[in-house]
Amino acid sequence: MSAAPAPPPSTPDPVAELHRSGSLVAEYPRLPALLHGLGEDERQRAGRLLSRLSPDEVRAVHPGIPTVSVAVTGHGTVAGLVPPLTMELARHGMLLRSHVADYDSWLFDLADPASEVYAAGTDLVVCLLAAGIVFDEVPRPWRPEDVERVLTEKVHLLGKLAATHGTSGSGTLVYTTMPLPREFTAQLVDHRSRARLGAVWREANARLLGLMDEHPGLVVLDLDPLLTGPAALAEDRLATYVGTPFAAELTAAVAREVAHLARGRSGRAKKVLAVDLDNTLWGGVLGDDGPEGIEVADGRTGRAFQRMQRVVKQLASRGVLVAAVSKNDVEPVREVLRDHPEMTLREDDFVRVVANWSPKHDNLRALAEDLNVGLDSFVFADDSPYECGLVARELPEVTVLHLDGDPALHAGRLLADGWFDVRDLTDDDVRRPERYREELVRKDFLDSFSSLDDYLRELDVRVELTAAAEADVPRVAQLTQRTNQFNLTTRRLQQDEVASLAGAPGNLVLAIRSGDRFGDNGLVGAVFVRTDGPVWHVDNFLLSCRVFARGIEQGCLAALLEYARAEGAEAVAARYVPSPKNGKVRDFYSRNGFDAHGHAEDGTADFRHELRQIDAVPGHLALTVRWAREGTR
């Protein structure tokens, strides 16, 4: 009898290896790459190991790693969210500083502005809501009408708590919806009552989701879509004996969503989807099979690629910059995108179609330069392990998605990590792809001139510098969250914070709009100014990377300085706070007539303009200024 074959050697867990060697802190910046390829069990172990690290210890070695402070409260025992959230934030290059509330203390935590949750001053307050907050208060026995009454009271209470947090708290408040466990529907033996319970429960969750429209500082995570996969709602023994509201899989899914929110809130949401074509957006190889031989919609695999194309087209319609990056000849690719009758995606859905035989990492570098965005804003999706490996090695800033295997799984893999998630979507976001296509036309126009000055004179740049109106608040808040390169202090603000500043005496929140011969760029920048003293203070100045180097920033700053002098200010002070991405504007104030007034060891620099000699607005700009908000004097 032959011996049984030896089991295959297990693949080392890289995070566990770093932990055993005592290198986790030193190697923390490597975690996004290491965690990316781990399975669910390994990620759970990694979360437990990483949650034991001290954020201060990691920051002492890597001061540039951003820290996200999160308070967790809710129904029951909520500490289980911390390990998976620590792991998810590490996947995105961030650190977690957590505060975990006491058992079932959510009502006290959110109702009392003196509670520890408020005192923690966190970026996010996450409140895990479960069905128990309702069923703990219904009579015994209960009917659907009793549940409806308690649900109505709870949703009203949650709205009041959101209002309290909006006026007394900091950061973003996050609620979860309340999934309905089968345990309760099964207690109703008639299907009519079950249907009634399901209806009132869904209506209450719909009202809970609707609270986001009333409270700008609130995000409500809908848990129903998270329960369509392998995540179970709860584990009966943990729920009964420990009070844990969700099973481990659902807790991990919630942590993933919270991490996406934190990533977007910190300005780290992705902007560009660079996607391969052959065997990624259609089946087959165009150069070998020809336009008539590729699979687009017909047949089993054709339907899979059609689904992928529909998802990509939807992302493009929501402001994601979609570019094709393919090893192909460009004319056959354009022919397919233009003429193939079954294609969902057309050439106008892409901000750029790059089809050539150059290495893809070189094409991605050139594309980033053309779009004027950082490579860390890119998600690259390809079916080839060779291309994915090469891009990951040459461009570690790029997020690489290897879409191998069954094409029916492509769309799910693309969407799994919410790379492009933001709290709000503005009209400017929806128009972003169109504006970037216009920007590429501007670049081609620039290439036809021998000098930048000639180009700017012919570009016909129009700029409006106005006090931000109420309708501008969402876009201004989003600019503070998503603008990284031209952002002098990188202070991230939520909508309610921007609205409060815009309406407060002694403050100016200025919106910058621009346009030119090729189209309207929309609201592209903002300036925050305190005017409540003889020295005015520019608290932040930010501008979209789409409109760099056109004199817009110099013109708006010159107009602001002239206004300060006319209003009797003695001087204007400003500050630059360094970040990993804003180094190109460290000398912005000194280049525009400000004198240095001190530097800190971390690179923070203070500046002051005495308003004696102010640079002129660049002559090629047509600048319109309005200092008061509409409807004010």
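**Exercise 1.** What is the accessible surface of the protein chain, and what share of it belongs to carbon and sulfur atoms?

*Solution.* The model is predicted: local features need pLDDT of at least 70, side-chain atom pairs count only at pLDDT 80 or more, and totals for chains, interfaces and linings use all residues. Residues are numbered from 1 along each chain as its sequence is written, and side-chain values use heavy atoms, leaving out hydrogens and water.

Step 1. The accessible surface (Shrake-Rupley method, 1.4 Å probe) is about 28,200 Å².
Step 2. Carbon and sulfur atoms hold 50% of that surface.

**Exercise 2.** Describe the fold of the protein chain in general terms.

*Solution.* 
Step 1. Count the elements: there are 25 helices and 19 strands, taken as DSSP runs (helices H or I, at least four residues; strands E, at least two).
Step 2. Compare the radius of gyration, taken over C-alpha atoms, with the globule rule, 2.2 Å times the number of residues to the power 0.38. The chain has 27 Å, close to the 26 Å that the rule gives for 633 residues, so it is as compact as a globular protein of that length.
Step 3. Of the 633 residues, 53% are buried, meaning under 20% relative accessible area; exposed is over 50%, and partly exposed lies in between (1.4 Å probe, protein chains only).
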